[in-house]
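Here is a short walk through one protein model. Keep the sequence and the 3D view side by side as you read.

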Amino acid sequence: MEDTLRYPIGKFKAPEAYTSDYLAERIQEIAQFPEQLKNEVIHLTDEQLDTPYRDGGWTIRQVVHHCADSHMNCFIRIKWALTEESPIIKFYYEDRWGDMADNATMQVAPSLAFLEGLHFRLAYLMKSLSATDLEKSFIHPEHNASFQIKEIIGTYAWHGLHHLAHITELKKRKGW
């Protein structure tokens, strides 16, 4: 049960090939994510927003703000990869960010608005990438591994749906 609560849509599975159809579908998911997230949380009360999606997990409020934090970093990482030769990106402690006052207590509307603009830009940029651009990469110091932009598109589409499912599954369990 714990794994189902932690990974309600399963862990990310890379495709055998990053085809143009696969990438177009993932970019569409990225473009749609802010509206889907907003539809799930906009009518929740503060008490509901402050409910953890699982024991020991973040609250819905923290999940919304985490998505803004994480996807902002994604955008910057892609820009670095496009403008530098295999840059080493900056690691951040997402758990520590999640516990900060803005993530733990701030209303969600600013992050929802931020995600709307950010995802518009992400999708716009991603749709413009050439085959050569999709092969560009950055090095993540936490994993000491290189990640290509095409991989990041798949990962972040999954990431949004992963956290969206945290919220929708909690709402189902609670009958909200």
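In which helix is the place of Glu94? Glu94 sits in helix α5, which covers residues 94-99. Bear in mind that this is a predicted model. Glu94 is partly exposed, at 38% relative accessible area.

Now step back to the loop between α4 (60-83) and α5. Ser86 is found there. Its phi is near 45°, a positive value in a residue other than glycine. Most residues other than glycine have a negative phi. Ser86 is partly exposed, with a relative accessible area of 33%.

Next come the strands. β1 and β2 run antiparallel, and four bridges join them. Ser137 stands opposite Gln148 of β2. The hairpin of β1 and β2 has four residues between the strands. Asn144 lies in that loop, between β1 (137-140) and β2 (145-148). Here too phi is positive, near 50° for Asn144. Is Asn144 buried or exposed? Asn144 counts as exposed, because its relative accessibility is 67% and the cut-off for exposed is over 50%.

Turn to the salt bridges. How many are there by the rule used? The count comes to eight. One of them is between the side chains of Lys171 and Glu40, at 2.8 Å from N to O. Lys171 belongs to helix α9 (residues 149-174) and Glu40 to helix α2 (residues 20-41), so the pair ties together parts 131 residues apart in sequence. Lys171 is buried, at 13% relative accessible area. Glu40 counts as partly exposed, at 24%.

Another salt bridge joins the side chains of Asp50 and Arg61, with 2.7 Å from N to O. Asp50 lies in the loop between α3 (46-49) and α4, and Arg61 in helix α4, so this pair ties together parts 11 residues apart in sequence. Asp50 counts as partly exposed, at 37% relative accessibility. Arg61 is buried, with a relative accessible area of 3%.

Glu135 forms a salt bridge with Lys150, and their closest N and O atoms are 2.9 Å apart. This pair links distant parts of the chain, 15 residues apart: Glu135 is in helix α8 (residues 131-135) and Lys150 in helix α9. Glu135 counts as partly exposed, at 38% relative accessibility. Lys150 counts as buried, at 16%.

One last group remains. Glu25, Arg26 and Glu29 are linked in a network of salt bridges.

How values were computed
Residues are numbered from 1 along each chain as its sequence is written. This is a predicted model: local features need pLDDT of at least 70, side-chain atom pairs count only at pLDDT 80 or more; totals for chains, interfaces and linings use all residues. Side-chain values use heavy atoms; hydrogens and water are left out. Helices (H or I, at least four residues) and strands (E, at least two) are DSSP runs, numbered from the N terminus. Buried means under 20% relative accessible area, exposed over 50%, partly exposed in between (1.4 Å probe, protein chains only). Two strands pair if DSSP finds at least two bridges between them. A salt bridge is a side-chain nitrogen of Lys or Arg within 4 Å of a carboxyl oxygen of Asp or Glu.
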